[in-house]
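Here's a quick tour of a protein model, written for someone meeting one of these for the first time.

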Amino acid sequence: MTDSSRLLLVDDDTTALGIMSDLLIGRGYNVDTASSVDEAEENLQSSAYRVVISDFKMPRRTGLDLLKLCVDNYPETAVIIITGHGTIRNAVDALKQGAFEYLSKPVQMDELILVIQKAIGHRRLVDQNIFLRNELDRIKGFYYKSANPTVQQIYSTIEVICKEDTSVLIQGESGTGKEVIARLLHNTSRRSQASFVPINCGAIPENLIESELFGYEKGAFTGAEQRTQGKLELADGGTLFLDEVNELPPRAQVALLRFIQEGEISPLGSTRRISVNVRLITATNADLADLVRKGSFREDLYYRINVLPLKLPPLRERREDILPLASWFLTHFRASTERAARSFSPDAEQKLIDYHWPGNIRELRNCIDRATIFCRTPVIGTDSLLLTPVRDVSHYNESSAPGCCFDEFGVRPLKELENEYIEWVIDQHGGNRTRAAEALGISVRGLRYKLNSNE
């Protein structure tokens with residue numbers, strides 16, 4: 001894995017600028033130079049830099065002017081100030097205004113390299129912490145020794161590719177644990193110390209997906225009040241996980257394909273090219289090959305992301321895992337709360353095994369969560385499980401669909417009936433919204449709109 005970090009050197013002394021540039025290039029860095037703050041500003045507008053190293057005293061505009069420019073417009077860039085006219089007051093001013101470090105000439109190259117490495121590491125750590133604070137519980141996730149041969153094979157494959165940056169496509173019904181597998185792929189890879197950045201393509205409006213992926217500049221569109229990094233830039237050095245990748249609109253598919261080919265992005269409203277090094281993991285509950293045949297998903301993008309396919313079986317096909325998973329969730333909720341439940345009764349265990357689980361592992365987790373809330377004894381019985389009747393997709397029966405327009409209080413609202421019917425159709429298709437939308441004769445986005453508007 002190569003370091004995609006890029007440095008900008010700024011000094012009005014062209015001789016010193018050339019010497020320092022050559023030394024840093026010799027250390028393996030990608031270096032651009034500028035002999036004035038004005039020239040540096042042009043560089044910043046056209047390229048992204050992890051670190052700017054600037055002389056303090058320059059004609060017309062000083063290193064502090066450049067520092068303010070970076071703090072206001074490029075907060076992801078660390079600034080190191082170097083000067084032969086150093087005073088304690090200058091140092092304090094620079095640090096107060098946001099400089100990462102302040103060094104006096106003559107600078108020892110080993111000292112400068114150490115500061116650059118710290119600056120790059122600090123910036124990446126800040127990016128990671130943004131996600132760690134919001135996703136700590138999810139990152140911990142769970143990993144257990146499945147008794148299912150298919151899942152065991154998936155674990156074995158992950159062990160084999162742990163040192164590779166291979167693009168992985170995870171397929172499976174909604175709720176089968178695709179993000180858990182994606183996190184496992186990241187946590188066992190060489191990128192495990194960098195960010196794991198998830199994004200659900202189906203949860204973002206079509207007109208915002210590109211700004212989420214690639215970021216945008218201040219003023220790029222109405223409401224863009226400051227420069228915002230996209231998920232790809234935040235994942236630099238780590239892993240980007242695109243869930244429901246089948247939901248990417250055509251324009252975003254083209255942009256993603258271009259990034260995969262070139263390794264660079266350009267935020268909306270900018271001509272800057274930013275080098276980004278990420279591993280791409282995608283997931284879908286749809287048949288992408290079928291979508292390619294129908295023309296709704298690009299064939300070239302499909303082959304780019306489908307280097308290594310992993311297919312997760314639904315929970316109903318891995319019944320040997322139901323009780324171990326249920327016990328894991330029970331232990332998890334018991335540890336994080338003061339709930340009384342400690343185990344399941346034999347009848348409750350059998351009920352868990354016999355249930356069809358159209359919502360897969362996600363539904364099982366919610367079921368155990370509810371059970372531990374309502375159960376006031378150490379043993380969870382069948383009355384605490386609150387499972388709905390089994391709906392087997394393989395035995396689809398239209399007569400079982402909700403259709404009564406009346407209850408004991410009179411006529412029910414149309415929106416309530418529509419939402420209930422939509423949820424039933426989704427259940428009948430194992431939680432697969434793409435297939436449910438096809439059955440309903442609407443688009444997936446139309447399906448999502450109806451669910452949201454009926455809430």
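Let's start with helix H10, which covers residues 250-262: its 13 residues reach 19 Å from the first C-alpha to the last, close to the 18 Å expected at 1.5 Å a residue. That expected span is 1.5 Å times one less than the number of residues. Keep in mind that this is a predicted model, where local features need pLDDT of at least 70 and side-chain atom pairs count only at pLDDT 80 or more, while totals for chains, interfaces and linings use all residues. Residues are numbered from 1 along each chain as its sequence is written, and side-chain values use heavy atoms, with hydrogens and water left out.

**Around H10**
- The buried residues of H10 are Ala252, Gln253, Ala255, Leu256, Leu257 and Phe259; buried means under 20% relative accessible area, with exposed being over 50% and partly exposed in between (1.4 Å probe, protein chains only).
- Several elements cover those buried residues, including helix H8 (209-214), strand S8 (239-243), strand S11 (279-284) and helix H12 (299-305).

**The largest nonpolar core**
- A nonpolar core is a set of buried Ala, Val, Leu, Ile, Met, Phe, Trp, Tyr and Cys residues joined through side-chain atoms within 4.5 Å.
- Which residues touch the most other members of the largest nonpolar core? Out of its 34 residues, Leu240 and Phe297 do.
- At least two residues of this core come from each of strand S7 (196-200), H8, H9, S8, H10, helix H11 (288-294) and H12.
- H10 gives the largest share of this core, with five residues.
- If you leave out residues up to four places away in sequence, Phe297 touches Val245, Asn246, Gln253, Leu288, Leu291, Val292, Tyr302 and Ile305; a contact means heavy atoms within 4.5 Å.

- Five strands line up in the order S2-S1-S3-S4-S5 to form an open sheet with parallel pairing; two strands pair if DSSP finds at least two bridges between them.
- Strand S2 (30-34) and strand S5 (101-104) are the edge strands, each pairing on one side only.
- From one strand to the next, the twist averages 20°.
- Strand S3 (residues 51-55) and strand S4 (residues 78-83) run parallel and are joined by five bridges.
- Val52 has Val79 as its bridge partner in S4.
- Helix H2 (residues 37-46) packs on the sheet, touching strand S1 (6-10), S2 and S3, and its direction makes about 140° with that of S2.
- Angles like that run from 0 to 180 degrees between N-to-C directions, using axes that are lines fitted to C-alpha atoms, for helices over the stretch in contact.

**Another open sheet**
- Five strands also form an open sheet in the order S7-S8-S11-S6-S12, with parallel pairing.
- Its edge strands are S7 and strand S12 (308-311), and each pairs on one side only.
- Strand S6 (residues 168-171) runs parallel to S11, and four bridges join them.
- In S11, Ala283 is the bridge partner of Ile170.

**The whole chain**
- The protein chain has 18 helices and 16 strands; these are DSSP runs numbered from the N terminus, with helices (H or I) of at least four residues and strands (E) of at least two.
- Of its 455 residues, 48% count as buried.
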